[in-house]
Amino acid sequence: MRSCTGSPDYRALSSDAEHCMGMKGELITKASITEEPSDLVPRAGGWQRLSRDFLTSGGRTWEDQPDYLRITLLNLMEAAAFIVWGLFLCLNLLGVVESSLGRIVIDAMGVAVAVGVLSSLRMGASVAVVAHVAHAFLFAFLLGLAIVRANNPLAMTLPLIYPAMAFLLLDDVRRGCVGTLLMIVGINVTIFSGFGPELRDRTMAFDGALTASVGMCFQAVVMALYVHHRKRVMTRLREVSTQLSELACHDPLTGLYNRRTFIEVLERELSRRDCNERQLALLLFDIDRFKAYNDCFGHPQGDELLKRIADATRMVFSRREDIVFRLGGEEFGVVFRTDDAEQATVMADCLLAAIEALGEPAPDGPHDTITVSAGLNLLDGGSNITAKHAYLRADEALYRAKASGRAHWVRAVG
Ligand SMILES: Nc1nc2c(ncn2[C@@H]2O[C@H](COP(=O)(O)OP(=O)(O)OP(=O)(O)O)[C@@H](O)[C@H]2O)c(=O)[nH]1
């Protein structure tokens with residue numbers, strides 16, 4: 001037998017905040033909201049799908065991928081890098097610019113790494129980070145060479161996009177700064193260590209190094225501001241989204257889960273096998289002669305009574321898996337697991353006793369204090385009963401309890 005006291009714990013249900021029930025009983029879940037109805041949205045194919053995947057990084061919709069802006073910018077930059085690398089490669093292969101086997105190999109590697117980064121973005125962050133690090137090394141090396149030679153002005157513009165990529169990829173101000181700093185150090189070391197061709201003109205090399213370093217610092221500042229602001233906006237959006245989910249699934253007066261959540265939770269519990277093979281129970285209860293109470297003491301006092309009854313119910317059904325709902329008006333519901341029928345009946349007795357023990361005066365009727373009537377439905381896990389039927393049977397039992405004198409509970413039949 002369980003104790004009739006305890007503190008409520010609703011954390012176990014936090015995930016339910018994202019799963020609610022429509023007013024007419026249809027399931028509304030996050031997945032079903034983002035689901036594309038096949039008869040409304042034409043099937044995307046070929047280029048259409050490719051461009052959507054590119055912009056949303058594989059997400060089905062924008063909402064699916066709230067981080068899509070960052071990913072999209074990153075993809076666009078990688079695409080730009082891919083084009084520039086490809087252009088260099090073509091120019092080198094065609095002999096339009098001063099060409100060498102080494103440069104052709106480097107440009108080919110650039111193309112390959114950019115393609116790798118683009119495709120790895122679909123495969124997961126860790127692969128993308130490895131590909132980016134490889135790209136960064138190649139980039140710093142080539143950049144140093146380009147600056148030293150000072151014969152490749154296009155390459156001089158490339159360092160300006162790299163801090164942006166570092167910030168977008170790492171999505172953190174501090175790590176983005178460190179990444180940019182490493183790039184600047186790498187480029188300067190390549191330039192001044194005399195790696196590659198001989199340093200023909202020290203002043204030119206110094207100018208190149210300075211231009212690249214200052215440009216990258218400037219870009220890093222802009223990106224740091226962007227990432228900082230974006231993070232603040234994302235945090236706020238997440239907070240608002242959580243608040244909206246809370247509002248959608250909870251009754252504002254009592255803080256209990258509302259009717260929208262009820263059928264879905266019941267459906268989920270019916271389909272779930274309890275690890276201890278315990279039975280599922282549904283208890284519906286309704287305050288007796290609440291209209292008279294409201295008429296006598298006023299609606300604000302009636303609201304207070306609803307809150308007190310909600311608290312008392314949470315005290316009785318205080319285990320993590322006990323779920324208490326306010327189904328509307330003065331009707332409440334509890335979905336809970338029970339070892340056997342006897343334990344469920346003890347819980348029902350316990351609840352009715354706890355509410356009577358509140359000592360709220362009843363304005364009329366045979367009882368001095370406010371009472372409730374209840375319908376108890378014990379659900380066999382093996383049966384194929386639906387949530388709606390389980391609810392209807394418990395409701396019939398509650399109706400019988402009302403009809404047979406109130407202030408007691410009746411067990412559902414069938
Ligand atoms: N204070 C308050 N009253 C409410 C709220 N929701 C519904 N009610 C009132 O609850 C009362 C329900 O009355 P009835 O459905 O006649 O039920 P009852 O008087 O409890 O009678 P029985 O259920 O047959 O015992 C109505 O007077 C509603 O106005 C609420 O949120 N706050």
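The model is predicted: local features rest on pLDDT of at least 70, side-chain atom pairs count only at pLDDT 80 or more, and totals for chains, interfaces and linings use all residues. Residues are numbered from 1 along each chain as its sequence is written.

The protein has 14 helices and seven strands. These elements are DSSP runs numbered from the N terminus, with helices (H or I) of at least four residues and strands (E) of at least two. Of the 414 residues, 32% count as buried. A residue is buried if 20 or more other C-beta atoms lie within 10 Å of its own, exposed if 12 or fewer, and partly exposed in between, with C-beta atoms placed from the backbone. Two residues are in contact if their C-beta atoms, placed in that way, lie within 7 Å. Among contacts with a separation of 6 or more, 66% join residues 24 or more positions apart.

An unreviewed UniProt entry carries the annotation "transmembrane region" for residues 73-94, 100-118, 125-148, 154-170, 177-196 and 208-228. UniProt positions follow the numbering used here, feature names are shortened, and annotations may be inferred rather than shown by experiment. In the model, the span 208-228 is 100% helix and 0% strand. Its end C-alpha atoms lie 30 Å apart.

Helix H7 covers residues 162-170. Eight of its nine residues are buried, so H7 is largely enclosed by the rest of the structure. The buried residues are Tyr162, Pro163, Ala164, Met165, Ala166, Phe167, Leu168 and Leu169. Ala166 has 25 other C-beta atoms within 10 Å. Beyond its neighbours within four places in sequence, Ala166 is in contact with Gly176, Gly179 and Thr180. Ala166 and Gly179 are 13 residues apart in sequence, yet their C-alpha atoms are 6.2 Å apart in space. Just after H7, Asp171 takes a positive phi of about 55°.

Gln219 and Thr180 are 39 residues apart in sequence, with 9.3 Å between their C-alpha atoms. Gln219 sits in helix H9 (residues 202-249). Gln219 counts as buried, because 20 C-beta neighbours lie inside 10 Å. Phe192 belongs to helix H8 (residues 173-192). Phe192 is partly exposed, with 15 other C-beta atoms within 10 Å. The C-alpha atoms of Phe192 and Ala209 are separated by 8.8 Å, across 17 residues of chain.

A ligand shell was also examined. There are 17 residues around the ligand, and Phe290, Lys291, His299, Gly302 and Gly329 come nearest. A residue is near a molecule or strand if its C-beta atom, placed from the backbone, lies within 6 Å of it. Strand E3 (279-287), helix H11 (290-297) and helix H12 (299-316) each supply at least two residues of the shell. By class, the shell has five nonpolar, four polar and eight charged residues. Here Ala, Val, Leu, Ile, Met, Phe, Trp, Tyr, Cys and Pro count as nonpolar, Asp, Glu, Lys and Arg as charged, and the others, Gly among them, as polar.

Tyr293 lies in helix H11. Tyr293 counts as buried, because 23 C-beta neighbours lie inside 10 Å. Not counting residues up to four places away in sequence, Tyr293 touches Gly302, Leu305, Pro363 and Ile370. Tyr293 and Ile370 are 77 residues apart along the chain, with C-alpha atoms separated by 8.6 Å.

The axes of helix H10 (residues 259-271) and helix H14 (residues 387-403) come within 9 Å and cross at roughly 110°. That makes H10 roughly perpendicular to H14. The contact involves Ile263, Leu266, Glu267 and Leu270 of H10 and Ala387, Lys388, Ala390 and Tyr391 of H14. Six of these residues are nonpolar, none polar and two charged. Axes are lines fitted to C-alpha atoms, for helices over the stretch in contact, and angles run from 0 to 180 degrees between N-to-C directions. Angles under 35 degrees count as roughly parallel, over 145 as roughly antiparallel, 65 to 115 as roughly perpendicular and the rest as oblique.

Two loop residues other than glycine have positive phi values. Arg289, in the loop between E3 and H11, has phi near 50°. Arg289 is partly exposed, with 19 other C-beta atoms within 10 Å. Arg406, in the loop between H14 and strand E7 (409-411), has phi near 65°. Arg406 also counts as partly exposed, with 17 C-beta neighbours inside 10 Å.
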